[in-house]
Amino acid sequence: MMKKYPKQMSESMLMGVLLTLAGGFQDAYSYICRDRVFANAQTGNLVLLGKNLAEGNLPAALRYFFPLAAFAGGIFLAGWVRQLSRNRRLHWRQTVLLAEIALLLTAGLLPQQFNILANVMLSFSCAMQVESFRKFGGLTFATTMCIGNMRNATSLMCQYHIARDPARKRESLTYYCILVVFGVGAALGALLSERLGDRSIWIAAGLMLAGFLLMFRKPAEEC
């Protein structure tokens, strides 16, 4: 039976696991260490923005507005990086990872009075990641959020129970595994953020560095 491998390592399941761990880690870190703001969960930030605006608490509202704006900016910039990095020595996704690593390293150095700036950097990084890395092991899933992955996992499981197609079951279980990986990343982020403080975000940067280095490897050929 023909086994299909990714055309490039940026679409391998190993890359997906590394980035999903980093995604869960960043959300826990920003919430615990940086004023209860989400790096990834922009729905939560939008709800809290609306709540604080309704209460007339403008300073608190801005705490959530700036990460939302940064997330939009990160998606926009990732598109430009893809366009401008053609025919360069580094794959454009490696350029994105280098930018993410730089943002996370810088955020870890910022003191608490610069939490808004730290959250802007984290949200910008997460947006670049979710825009640049979408497909792994033949499946499309997000490495920085859960709702789409949960929908796909449950929808595929429903299809399996209706049609009894084993492929749908395998795909569903893969999505559920990715949800678990995100939860593990969040748990590690919570634990290490409590113990190590602001610089614990460098662990997520280390996971991204591993992904950056992984992309220098050539994927296996089909066999």
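I looked up Asp165 and found it partly exposed, at 27% relative accessibility; buried means under 20% relative accessible area, exposed over 50%, and partly exposed in between, with a 1.4 Å probe and protein chains only. This is a predicted model, in which local features need pLDDT of at least 70 and side-chain atom pairs count only at pLDDT 80 or more, while totals for chains, interfaces and linings use all residues. Residues are numbered from 1 along each chain as its sequence is written, and side-chain values use heavy atoms, with hydrogens and water left out.

I then checked the partner of Asp165. Asp165 forms a salt bridge with Arg168 (a side-chain nitrogen of Lys or Arg within 4 Å of a carboxyl oxygen of Asp or Glu). The closest N and O atoms of this pair are 3.1 Å apart. Arg168 is also partly exposed, at 22% relative accessibility. I noted that a network of salt bridges links Asp165, Arg168 and Glu171.

How many salt bridges does a search of the whole structure find? I recorded five.

Next I took Glu131 and Arg134, whose side chains meet in a salt bridge at 2.7 Å, N to O. Glu131 has a relative accessible area of 25% and is partly exposed. Arg134 counts as partly exposed too, at 43%.

Last, I looked at Lys51 and Glu55. Their side chains meet in a salt bridge, 3.0 Å from N to O. Is Glu55 buried or exposed? Glu55 is exposed, with a relative accessible area of 52%, whereas Lys51 is partly exposed at 42%.
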